Amino acid sequence: MLDNLNKAEERTGKLGELENRADELLKQGQGFAKTAAKVKRKKQWENIKLKVLIGGMISVVIVVIILVAVLTNTDSTGSEGPKDSTTQAP
C-alpha cells in the first residue's frame, strides 16, 4: 500500500510537469500564430503593391502607344490634307 502511495505521488509530480510543458507549448504556439499572421499580411501587401505597380506601368505604356499612334496619324494626314478624287483638273 505504501508503494502505491509513492507511485501516486510520482505520477502527480510527472503530471504537473507535463501540464507546465503543455502550457509553455501553448504560449509558444500562440506567439507563432501571431508572427505567422503578421508575415502573411506583409506578404499580401507586397503582392498588392507589385500588382498595382505592374498595372500602372502597363497603363503608361498603353497611353504612350495610343498617343504615338494618334500623333503619327494626325501628322501624316494633317500636313498633306485629304485627297479628293472628284476635283481633278480637266
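Figure 1. The chain contains one helix and zero strands; helices (H or I, at least four residues) and strands (E, at least two) are DSSP runs, numbered from the N terminus. This is a predicted model, in which local features need pLDDT of at least 70 and side-chain atom pairs count only at pLDDT 80 or more, while totals for chains, interfaces and linings use all residues. Residues are numbered from 1 along each chain as its sequence is written, and side-chain values use heavy atoms, with hydrogens and water left out.

**Figure 2. Accessible surface of the chain.** Of the 90 residues of the chain, 0% count as buried. Buried means under 20% relative accessible area, exposed means over 50%, and partly exposed lies in between (1.4 Å probe, protein chains only). The accessible surface comes to about 8700 Å², and 64% of this surface belongs to carbon and sulfur atoms. Such areas come from the Shrake-Rupley method with a 1.4 Å probe; for residues, only the protein chains shown count as cover.

Figure 3. An unreviewed UniProt entry lists residues 50–71 as "transmembrane region"; UniProt annotations may be inferred rather than shown by experiment. Over residues 50–71 the chain is 100% helix and 0% strand, and the end C-alpha atoms lie 32 Å apart.

**Figure 4. A nonpolar surface patch.** L50, L53, I54, M57, I58, I62, I66 and V70 make a nonpolar surface patch of about 750 Å². Patches are made of residues with over 30% relative accessible area and no salt bridge; like charges are joined within 9 Å, and nonpolar side chains (Val, Leu, Ile, Met, Phe, Trp, Tyr) within 5 Å. V70 belongs to helix α1 (residues 2–78) and is partly exposed, with a relative accessible area of 46%.

**Figure 5. The salt bridge of D3 and K7.** The structure holds two salt bridges, each defined as a side-chain nitrogen of Lys or Arg within 4 Å of a carboxyl oxygen of Asp or Glu. One of them joins the side chains of D3 and K7 (3.8 Å, N to O). Both residues lie in helix α1, four residues apart, which is about one turn of the helix. D3 is partly exposed at 47% relative accessibility, and K7 is partly exposed at 47%.

**Figure 6. The salt bridge of E46 and K43.** The closest N and O atoms of E46 and K43 are 3.5 Å apart in this salt bridge. E46 and K43 are separated by about one helical turn because they are three residues apart in helix α1. E46 counts as partly exposed, at 37% relative accessibility.
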